[in-house]
Amino acid sequence: MKRILLIVIALIGVLSLMAQEEPTKDRPVRAPFNSGILIDNQTSVIPADKTLEFQIQHKFGKIDNGFSDLFGLYAPGANIRLALNYVLIKNLQIGYGLSRIRMYSDFSIKYTIHEQTRRNTFPVAVAVFANMAVDGRNKSDFGNNYKFGNRYSYFSQLIVGRRFNDWLSVQANASFTHYNITEPGIDHDKVSVGFNGRINFSSQSSILFQYDIPLKIKSITEHREWTNPAKPNLGIGWEIRTSTHAFHIYLSSTDGMIPQHNTVYNTNDWTKGDMMFGFSIVRFWNF
Amino acid sequence: MKRKIFFRLMLAVAAFAMIAFVVPQEQKKGGPWEIPKEYKEKKNPFKDDASLVKLGRTIYNKHCRSCHGNAGLGDGVMAKNQKTFPGDFSSAEFHKYTDGELYFMSIIGRDEMPNFEKKITDEEERWAVINYIRTMKK
């Protein structure tokens, strides 16, 4: 595990040095994605510096009850996340969000280390995303021996993406999640991988897709066997982008809004139809 | 008493209706643009680059269409909310502007026409929009 971390840190260091080299005439490709989020994932895209984003994310209930609750639209237990992000300097964004599930407060940072260039001098975009979340439930929900540190969880992700042409952009990611405290039977640490992308079908609309897989790695698990491991997260959606907004309407198999929760606690199995509708609205202001 | 209230109410409705006729509903036309010399003389490095038309259309649809309309007639869905008519890009009068002047009007903006420097950051994309607007002649 330490070896993997060292390799990731070394890779980030090398890429950062490359990013600081003298600018060449090879310019970055046009935006591979329309916004910084893609259903439940992050993209390598960060808006122009001094851009403020307000994100409204909403997930309904599971679709499996059919018409009785209109495929989950009227089901109880919907999840909501409201967030503000701000681009401090070019390619560096910070943010804060608050979710209904576990009342997570998440503080995030994203840095696009290098953008893909048009003449393939640098053929991919590379970004890192990290957050720290604070579980905001009542003290009594944490059982005996309560410490404030029990509320913390961390998520870090390396994103590598490529805009192949005007209509297709794809990303792959590798992530590490850590919870200071978890429920019995659930690992504190989890490594996951995933891929996602967009297919443009008009000047303002795209189809989005994602698939995230929490890995079962024996060397880091604390348990002899996995009794109820987190399930992969499948998502498919439709994105509409205007000058000041990005809208997503999607189907996703996780009810969480922050990536560490989705990686560790997702019990929904998309192969059994455990999916739910959701939408996101992102409003951009430039200063 | 009831008749008095009814009479006053009718009077108020009649006054409102008359005011509605008197207050002009049309949008005003924008006054002449004050365009700095550097923009008037600004040259379009991508003039007649047909490969940019598709890009120009994409960016126009994303940032401009909601006010200026599909064909640039100033009839987009948001146009009615503006105090100033967004302009007719198909008119001969409009096409008398130089590319540099159109650049200033489109990217720098004024009043209700927003600034797009932070939204369209790439110079090539800015000129692609100008080139696309140029295709909207009658």
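**Notes on the rings, helices and barrel**

1. F94(B) is buried, with a relative accessible area of 11% (buried means under 20%, exposed over 50%, partly exposed in between, using a 1.4 Å probe and protein chains only). Please keep in mind that this is a predicted model, in which local features need pLDDT of at least 70, side-chain atom pairs count only at pLDDT 80 or more, and totals for chains, interfaces and linings use all residues. Residues are numbered from 1 along each chain as its sequence is written, chains are lettered from A and ligands numbered from 1 in the order in which they are written, and side-chain values use heavy atoms, with hydrogens and water left out.

2. Let us stay with aromatic rings for a moment. A pair of aromatic rings is described by the distance of the centres and the angle of the planes. Rings of Phe, Tyr and Trp (its six-membered ring) pair if their centres lie within 6.5 Å, and planes under 30 degrees apart are stacked, over 60 edge-to-face and the rest tilted. Over all chains, the count comes to 18 aromatic pairs. The pair of F94(B) and Y97(B) is edge-to-face because the ring planes stand at 75°, with the centres 6.1 Å apart. Y97(B) counts as partly exposed, at 26% relative accessibility, whereas F94(B) is buried.

3. Chain B also holds an aromatic cluster made of W33(B), Y39(B), Y103(B), F104(B) and W127(B). Look at Y103(B) in particular: the charged end of K42(B) sits over its ring, 4.8 Å from the centre. Here "over" asks for NZ of Lys or CZ of Arg within 6 Å of the ring centre and within 35 degrees of the ring normal.

4. How do the axes of helices α5(B) and α6(B) cross? The axes of α5 (residues 99-108) and α6 (residues 123-134) of chain B come within 10 Å and cross at roughly 110°. The two helices, α5(B) and α6(B), are therefore roughly perpendicular to each other. From α5(B), the contact is made by D99(B), G100(B), L102(B), Y103(B), S106(B) and I107(B), and from α6(B) by E123(B), R126(B), W127(B), I130(B), I133(B) and R134(B). Two members of the aromatic cluster, Y103(B) and W127(B), are among these residues. For the terms: helices (H or I, at least four residues) and strands (E, at least two) are DSSP runs numbered from the N terminus; contact means heavy atoms within 4.5 Å; axes are lines fitted to C-alpha atoms, for helices over the stretch in contact, with angles from 0 to 180 degrees between N-to-C directions; and angles under 35 degrees are roughly parallel, over 145 roughly antiparallel, 65 to 115 roughly perpendicular and the rest oblique.

5. Now turn to chain A, where a closed barrel of twelve strands runs from β3 through to β14 with antiparallel pairing. On average, neighbouring strands of this sheet are turned by 20° against each other, direction ignored. Two strands pair if DSSP finds at least two bridges between them.

6. Which strand pairs with β3(A) over ten bridges? The partner is β14 (residues 276-286), which pairs with β3 (residues 51-62) of chain A in the antiparallel sense. Within β14(A), F284(A) is the bridge partner of E53(A). β3(A) also pairs with β4 (residues 79-89) over eight antiparallel bridges, and there Q57(A) stands opposite R81(A).

7. Strand β11 (residues 205-214) of chain A is largely enclosed by the rest of the structure, because seven of its ten residues are buried. Nine bridges join β10 (residues 189-200) to β11(A), and these strands run antiparallel. A hairpin of four residues links β10(A) to β11(A), and G194(A) has D212(A) as its bridge partner.

8. Finally, compare two asparagines. Most residues other than glycine have a negative phi, and most peptide bonds are trans. Phi of N91(A) is near 70°, a positive value, and phi of N145(A) is near 55°, also positive. N91(A) lies in the loop between β4 and β5 and is buried at 13% relative accessible area. N145(A) lies in the loop between β7 and β8 and is exposed at 68%.
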